[in-house]
Amino acid sequence: MRPPSQARTPPDVNGLKVKKPKKKAAGIPAVVSSTVHGFTKMGVNKTVKTLALVNQNDGFDCPGCAWPDPEHRTTFEFCENGAKAVADEAMKANVTPAFFAKHSIQELSQRSDYELNRLGRISHPVHLKPGSSHYEAIEWSEAFSIIGNALKSTSSPDRSVFYTSGRTSNEAAFLYQAFVRAYGTNNLPDCSNMCHESSGKGLGQTIGIGKGTVTLDDFNHADLILVIGQNPGTNHPRMLTALRDAKKNGAKIIHINPLPEAGLVNFKHPQDYMKLDLRSTTLADLHLQVRIGGDAALVKGLIKTQLHHGAVDSSFIDEKTSGFEAMVESVNTTPWERIVADSGVSRGQIDAAGAILASSTATIACWAMGLTQHRNGVGVIQEVVNLLLMNGHVGRKGAGFCPVRGHSNVQGDRTVGIWEAPSEAFLDRMEAGLGLPLPREHGYDVVNSIQAMLDGKVDVFFCMGGNFLSATPDTDATAKALRNVGLTVQVSTKLNRSHLVTGQEALILPCLGRTERDVQVSGEQFVTVENSMGIVHRSQGSLSPPSPHLKSEPWIVASLAETTLETSSLDWKTLVENYDAIRDLMESSLSGFEQYNQRVRTPSGFALPNPPRDEQAFETPNKKALFTVHELPEVDVGSERYVMMTLRSHDQYNTTIYGLHDRYRGIHGHRRVVLMNAEDMVERGWKTGQLVDIRSHYEHEVRHASRWRLVPYDIPRGNLATYFPEANSLVPLHSTAAVSNTPTSKWIVCSLHAHERSSHEEEE
Ligand SMILES: Nc1nc2c(c(=O)[nH]1)N[C@H]1C(S)=C(S)[C@@H](COP(=O)(O)OP(=O)(O)OC[C@H]3O[C@@H](n4cnc5c(=O)[nH]c(N)nc54)[C@H](O)[C@@H]3O)O[C@H]1N2
Ligand SMILES: Nc1nc2c(c(=O)[nH]1)N[C@H]1C(S)=C(S)[C@@H](COP(=O)(O)OP(=O)(O)OC[C@H]3O[C@@H](n4cnc5c(=O)[nH]c(N)nc54)[C@H](O)[C@@H]3O)O[C@H]1N2
Ligand SMILES: [Mo]
């Protein structure tokens, strides 16, 4: 039987229905679906009232993705999936102490992730005593003294680990890292370690800043937009609006992806629909159906075509860059045969894309997890840097790099200090601002935290949001790791599997969500967030919290600091009486935050300094943008094996499962599915719905996951796709990207085996 720690789908396997994948995104069904989600969870009036506040200047930042808001906003500045995220937070607080008294951990862990999320918001702090089978209510003060005592009684601050997910506001994240560092450790892993760490490292090393260099307005001036390894129709739907507008202004779009993702093929804007404009736009001019992991080869091919066309900006290269000749040499010595074989894209298609690229005066490259979660995640992003740098496509209008961030404030959290490997300059400034000595030794990232827990080196594990167990690789190893910890603490809004697989003792501290009113001593507060393009702006919730016992994240951190730190030069409680005080402290502890309180009050916020974008300045050791050389990774896995990527469906937000459909891909009613090339299925003699077991292979380790249903799909031969988090038990803990240490969630070497049914097997 599958361990209760693994993600579960509801038992109805017969519910799987496979339809023709959709080519259009966000048309009538999208509007209807968002409405239905809203209605079922919030009621009609609340839905309309709430959605009208999303992403408005005086409203709250959408808790969905980090895509920026336009200067001139419409009344409804949200997308279908943003609406789902809002509706999902606005649920009643049914997960009460009485609920926990009724249901044991054991019983709850048999439920599917979809069912756990549907239970609603958590209403009160709860405590799982050592050896107990049920959570019980606890007062906030008592909870803090348990954590404070545990933190004070360990032999070293480095025996505690503090995780952060990416919804945490700048104020909460800043205060949290200040507390963690004042306590004495840099053990600050975050979801970014599994997400855009490769982008941060890849860009940081080459252009001197680990962030993108474009603004939303650049999309209006682009000649060409590359969308690489990203599914915006589902994960960043409002990006499609920017792409549509770019297209109207004459831009071309090239979609580089093993799957023909909906929305890039054809797109209807829901707002257009409301205005009864039923015309749709074909967004992508060219789809390069690259094999999983084939991008490095493909980009080398594209660089070859640019050299052939002479699309090289020599004065930019001479003045602003270094390493060009070595990069050209490495490309010249890579034969076309290898490029075509490894990428799976024909020479003709690469030439066609190359011609568009060569004639573009302003190119933007966008990417997401299809590039970052690979063994060569950093290297492949640096190949994209090579491609754009050679024609000077950075720091000029309509051109630049656009890593499209995931969680709505993941970029802001990093900016304000959630980072296990801070630079000396960052720490110097922080030390001066806080007036506290800070630890210098780097801490654990996500993968190293799991290993440290497995090795018995962690006594306290504190999570500011997220779902560590289900989001991390190697679910069984992570479950074992968590059980090895003395005390685990989760600051959460909704129930998830990380509450059910815990340390010997555990606490759940329920917090306010982004959409809710946050009242402190001085009155109602707002917080600030940074979007994917470095714009910092305010966000203020307005809904009534579903329970009077919920606290804000900044308040939780301040209370924890008060209980834990014996002496401190900071008056933590005063800081949270009025968040302006936190922002004043941020101004003195972070660079680029001058006049912070004033500037975040301007209607659309302000842009953080971005030297490559602002003045083509590159803060690398030699002050130049760097061309880099990367060997192509070995992509041949042998004829018996497949390469599998793990993806998001249209009905989930990371580990939060809203529903069982992946409408654009035509998959309905079931999530434990494997997308497979139809010819590969025929070769194995398999039909739609065939039950298979998957084995993943990494070095000498084999991981096994049984009972998956096959779905034939337009995916390159030899490639497979499954959903995250169901497939995370197959992601090897130590299969990570070079330099960024990001788990290779898009490169899992697998074999498939027909499932043999045992006589008393339960259906799942
Ligand atoms: N509704 C919704 N929105 C979300 C999220 C959510 O779960 N739901 N999650 C948020 C978060 S945290 C993040 S990080 C983003 C994630 O946004 P995405 O990165 O779009 O998410 P994934 O589903 O992981 O999709 C990865 C895409 O990369 C492609 N891909 C996989 N391997 C390769 C490869 O080797 N090469 C190329 N070229 N392409 C490849 C896949 O086919 C897929 O289209 O979305 C954010 N927004
Ligand atoms: N196999 C595989 N694994 C992956 C990925 C993949 O593509 N494939 N993607 C990776 C990526 S890109 C990411 S970003 C990570 C995501 O990893 P996480 O950020 O850890 O996971 P989420 O599912 O976003 O976390 C959801 C939980 O956050 C809590 N929550 C929601 N809102 C709030 C809030 O406002 N405050 C607090 N305190 N808690 C809140 C709720 O309790 C909810 O259950 O997963 C990674 N894991
Ligand atoms: Mo992410």
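Is Glu136 buried, partly exposed or exposed in this predicted model? Glu136 is partly exposed, with a relative accessible area of 36%; buried means under 20% relative accessible area, exposed over 50%, and partly exposed in between (1.4 Å probe, protein chains only).

Residues are numbered from 1 along each chain as its sequence is written, while chains are lettered from A and ligands numbered from 1 in the order in which they are written. The model is predicted, so local features need pLDDT of at least 70, side-chain atom pairs count only at pLDDT 80 or more, and totals for chains, interfaces and linings use all residues; side-chain values use heavy atoms, with hydrogens and water left out.

**Figure 1. The salt bridge between Lys129 and Glu136.** A salt bridge is a side-chain nitrogen of Lys or Arg within 4 Å of a carboxyl oxygen of Asp or Glu. In this pair the N to O distance is 3.2 Å. Lys129 is partly exposed, at 39% relative accessibility. By this rule the structure has 37 salt bridges.

**Figure 2. The salt bridge between Arg583 and Asp580.** The two side chains meet at 2.8 Å, N to O. Arg583 and Asp580 are 3 residues apart in helix α28 (residues 579-589), and therefore about one helical turn separates them. Helices (H or I, at least four residues) and strands (E, at least two) are DSSP runs, numbered from the N terminus. Both Arg583 and Asp580 are buried.

**Figure 3. The salt bridge between Arg717 and Asp680.** Here the N to O distance is 2.7 Å. Arg717 lies in the loop between β28 (701-713) and β29 (719-723) and Asp680 in helix α31 (residues 678-684), so the pair ties together parts that are 37 residues apart in sequence. Arg717 is partly exposed at 38% relative accessibility, whereas Asp680 is buried at 5%.

**Figure 4. A network of salt bridges.** Asp190, Glu197, Lys201, Arg414 and Glu420 are linked in this network. Side chains of opposite charge can pair when their charged atoms come close.

**Figure 5. The surroundings of ligand 1.** The shell holds 32 residues, of which the closest are Asn257, Glu261, Asp295, Gln652 and Asn654; a residue is near a molecule or strand if one of its heavy atoms lies within 4 Å of it. A polar backbone atom of Asn235 is 2.8 Å from a nitrogen atom of ligand 1, and a side-chain N or O atom of Arg648 is 2.9 Å from an oxygen atom of the ligand. The protein covers 99% of the 920 Å² of accessible area that ligand 1 has on its own (Shrake-Rupley method, 1.4 Å probe; for residues, only the protein chains shown count as cover). At least three residues of the shell come from each of domain 2 (197-403) and domain 3 (642-763), with bounds from an automatic or database domain assignment.

**Figure 6. The surroundings of ligand 2.** Around ligand 2 there are 30 residues, the closest being Tyr163, Ser165, Ala471, Glu553 and Thr655. A nitrogen atom of ligand 2 lies 3.1 Å from a polar side-chain atom of Arg167. A side-chain N or O atom of Asn728 is 2.7 Å from a nitrogen atom of the ligand. Of the 940 Å² of accessible area that ligand 2 has on its own, the protein covers 96%.

Methods. A polar contact is a pair of N or O atoms within 3.5 Å; within protein, one must be able to donate a hydrogen and the other to accept it, and residues adjacent in sequence count only if both atoms are side-chain atoms.
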